[in-house]
Amino acid sequence: MNKLKSARTGGILVLMAIIAVLPLFLDNAFQFEIAILIFFNAIVCIGLNLLVGYGGQISLGHGAFVGLGAYGSAILTMQQEWDPLLSMVVAAAFTGGLCFIIARPILKLKGHYLAMATLGMGIIISIVINTEDQLTGGPDGMYVDGLSFMTDQIQWYWLIGGLLVFSVWASLNLIHSPIGRALRAVHGSEVAAEVVGVDTTQYKVLIFVVSGVFASVVGSLGVYYSNFVTPDIAGFFHSIELVVMVVFGGMASTFGAVIGAAILTILPQVLTFLHDFEHLVFGLILMLTMIFLPKGLVPTIADFFKKGDK
Amino acid sequence: MSAEFLQFLFSGVTLGATYALVGLGFSIIYNASHVINFAQGEFVMMGGMGTVFFLGLGLPMPVAILAAIALTTLFGFGLERFAIAPARGASVVTLIIITIGASIVMRGLVQVVWGKEFHAIPSFSGDEPIMIGGATILPQSLWVLGVTVLLVLALRYFFEKTIMGKAIIATSLNRDAALLMGINVRLVLFISFGLSAALGAAAGILVAPITLTNFEAGIMLGLKGFCAAILGGLGNGMGAVAGGMIVGIAEAMGAGYWISEYKDAVAFILILLVLFFKPSGLFGKTGTERV
Amino acid sequence: MTSRQNGFKNTLCALGMVAGAFAVGTTQAEAADPIKIGTFLSVTGPASFLGDPELKTLELYIEQINEGGGVLGRQIELIQYDVGVDSKKAITAVKRLVSQDEVDVIVGGSTSGATMAVVPIVQKAKVPFISLAGAVAIVEPVKPWVFKTPHTDKMACGKIFEDLQARGLTTIAMISGTGGFGKSMNGQCTKLAPAYNINIAAAESYGPKDTDMTAQLTKIKGVDGVQAVVNAGFGQGPAIVTKNYRQLGMTMPLYQSHGVASRKFIELAGDAAEGVRLPAAALLVADMLEDSDPQKAVVQAYTKDYSEAYGGSVSTFGGHAYDGLQIAISAIARAGSTDKQAVRDEIEKTSGYVGTGGVVNMSATDHLGLDLSAFKMLEIKNGDWTIVK
């Protein structure tokens, strides 16, 4: 058990080291931008991974929760002139509350029906954002003031990098707590878990709320960072992108979620030189990875090293 | 019945027939393989864009249509052989992502080869609207409805009367038993993907004269077709047809009597309401989970 | 359990990949000191109508200029990113253009939404920016670093209202796209209507990807007294509106905006386009212009170049890109360097430039430099443009 704990700590230390050293290799504002974007996506993916990877639920509408945080913050700060941090907390509470209300009916569904329900919910939220242009600016999006004390990009780098380390730490601890064990039981077989006395519904609701709040907070901070928000953040493609990051990196692996987010954030930027062929190549990479590494990158690599150790 | 209501109804059944065909495509693949094919909308798009391309080569309309359907069917076969078959046994989410990858590849391919512009296919029999009870309907809408009815009847015959159709049904009910009975399950899967691609292509060709088409035209159609399939109960073919009609009509009425900006939301609101009260769709069987 | 122990190795792999990816990113930016023109266009998505000819035009003429020895003896390099219709992508692209690619000038922005979203960034980075989008808000109020080439939505409203007055029509309905241009033009027309004694009796809207507008048009059809319908929007939406309009048997005059001024519109809408009127630049009717028209030579040359290179017919959108590029290039030539402040000042001093959109005379208070005279009212007859006299 001690060894296990130290390995976990080791992973976090490595992550911290990477975040600390990376700025030496970044030579302009755009590269910092991408690094910060990776941190943002990684945090959402860690939350989503709790739901998809450990909870065994499918969510094709997670972008909507990021969107609720983003637009909640945008509307409260710009139109109600609230303090940005207060807006962020209120938006997160709202998103968490919404998750709590819809969790029971939605998580009652299974497999593809659950996929459809989460997808539908996401699309409805994104249509509302697109349509209520008095509030949201419609398809063109809206401008949002930033946090007055965050004047420099590098400050954002440290803030979001720090938040990422915290998220990894929190996620790992949750997974190894009694709640996490119950969750994994839910993933294995819900019926079996219920038979041995695990209240599966309660845990599923909890994890749904937690992942929604993760997403909402990232949405809010993302808006304060980039000063702009468009409805695509809540759209179908963003939701799909998030699930793809989790599965690509490896389900039920916190570091997998981080690595999936990193690779799939960088990849489209690297592929821009292909111009018209960009989407084609991106789709091919996605398909090939999932066909040949169906468990995702990190678990496959882990298995490989495990064999090597013998 | 007011002329306005009739007008919305005509819109609704035309849309509904298209969704029904797309939904049927989802159902056929789901039945055979338990995969939800997120590239179904791209089959629809490929039908329309393929026809535009073959017409551009100077082929007469019927030949261009058949060529486009044949090409799309090839993509359906290819998807099964090179992406779904090798990933056998992967989790539901992984399979979903593979088909999403396939949809990105197909959009990317069409964009590179045939371009990004919007195109119109000429209507099959002119654009002169037909007046019925103060409302108007396009001849093309009648084509959409008529061909949909024919295709649905043909599929019924296929599944109930032919050996291959029965083999597909048997595989969907119990794959292992079907295998033991000497059914070539791999062939069944292969055929289902091709059939579903052909259906999608047909839908895409039928509506392209009304809605225009480009490489992104299949995205929303695919999602609505998925709605139709789920609403009717996954794997239930006639359910998907009914689901498609319900979604189409609800959408048109929503746009007409409610707020037109929210018409795309109608399908999804409907599906959430149905799923909350009947978690396996309107006509679906409630499954039992194996422990 | 062991998967945790491998966290270290895994993270190392990730670091390698991250570093590798950034290395790819940086090697692109090396070359023998060319002049860098950046652009971000809607090459895909519902506005590819605009972005596609714009990109083709930029590529065509930059190649031409380079073959002729470039500008100031330096070659021109075009750096382009496709942003679809997502303003957020436009922001990422422009940040990349100004901070990583370090471009000298930006000519781009197919949609008003994308342009307005990046204005704060170019203003802060102090890079001259010539937008190819329609909304009047881009240049009113004037922003020091932002210019544009297309006629504004406000001018389109004015031109349409003049024509309505000439026909003695006073009550209209508007149907608008919900994207930046449609929304903005709808607002401008609503503001301008009273000055022309025009009453807007109904207003409907549709989303950028909608494929059926019969519901909105049926509602308009049910409003009493509507004498004409004005459609504010760009892309394929107006073509579907036009088709649906005929399908419903609506016969009152239908006006489109310059947002559909390409032959593609006639092709998509087919017979339904007959009789549709729209204000547009002279480019579409190059051969019908009077010989004395100063624009005639320019628009004929552009039409020839473009159709020879890409086949097919020209659109005014490609023309906007042509104007933007020429204005930028001649400003750099006059400034004698790519010093951003000097280039900006020279762009602002552009005068007497004869382009595809009209004769451009910019000033410190006018970053567009066009007047209504450059706008023609066109009507579609027998599948072709004609000038309404």
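In β13(C), M377(C) is the bridge partner of P279(C). The two strands involved, β10(C) and β13 (residues 375-381) of chain C, pair in the antiparallel sense over five bridges; strands count as paired if DSSP finds at least two bridges between them. This is a predicted model, so local features need pLDDT of at least 70, side-chain atom pairs count only at pLDDT 80 or more, and totals for chains, interfaces and linings use all residues. Residues are numbered from 1 along each chain as its sequence is written, while chains are lettered from A and ligands numbered from 1 in the order in which they are written.

**Strand β10 of chain C**

- Five of the five residues of β10 (residues 277-281) of chain C are buried, so the strand is largely enclosed by the rest of the structure. Buried here means 20 or more other C-beta atoms within 10 Å of the residue's own, exposed means 12 or fewer, and partly exposed is in between, with C-beta atoms placed from the backbone.
- R277(C), P279(C) and A281(C) point one way from β10(C), with L278(C) and A280(C) pointing the other way, and all are buried.

**The parallel sheet of chain C**

- Five strands make an open sheet with parallel pairing, running β2-β1-β3-β4-β5 (chain C).
- At the edges sit β2 (76-82) and β5 (146-148) of chain C, each of which pairs on one side only.
- Neighbouring strands of this sheet are turned by 25 degrees against each other on average, direction ignored. The axes behind that are lines fitted to C-alpha atoms (for helices over the stretch in contact), and angles run from 0 to 180 degrees between N-to-C directions.
- β4 (residues 129-131) of chain C pairs with β5(C) in the parallel sense over three bridges; S131(C) stands opposite K148(C) in β5(C).

**Chain C as a whole**

- Its secondary structure comes to 13 helices and 14 strands. Helices (H or I, at least four residues) and strands (E, at least two) are DSSP runs, numbered from the N terminus.
- The C-alpha trace of chain C spans about 75 × 65 × 40 Å along its principal axes, and 59% of the 389 residues count as buried.

**Where chain C meets chain B**

- 30 residues of chain C are in contact with 23 residues of chain B, contact meaning C-beta atoms, placed from the backbone, within 7 Å.
- On the chain C side, α3 (48-67), β7 (199-206), α8 (214-221), α9 (237-247) and α10 (263-269) each supply at least two residues. α8(C) gives the most, with four residues.
- By class, this side of chain C has eight nonpolar, 15 polar and seven charged residues. Nonpolar covers Ala, Val, Leu, Ile, Met, Phe, Trp, Tyr, Cys and Pro, charged covers Asp, Glu, Lys and Arg, and the others, Gly among them, are polar.

**Chain A**

- Chain A comes to 14 helices and two strands.
- Its mean pLDDT (the predictor's confidence in each residue, from 0 to 100) is 87, and 94% of the residues score at least 70.
- Among the elements of chain A, helix α9 (residues 190-195) has the lowest mean pLDDT (68) and helix α3 (residues 62-78) the highest (95).
- Of the 310 residues of chain A, 57% count as buried.

Methods. Two residues are in contact if their C-beta atoms, placed from the backbone, lie within 7 Å.
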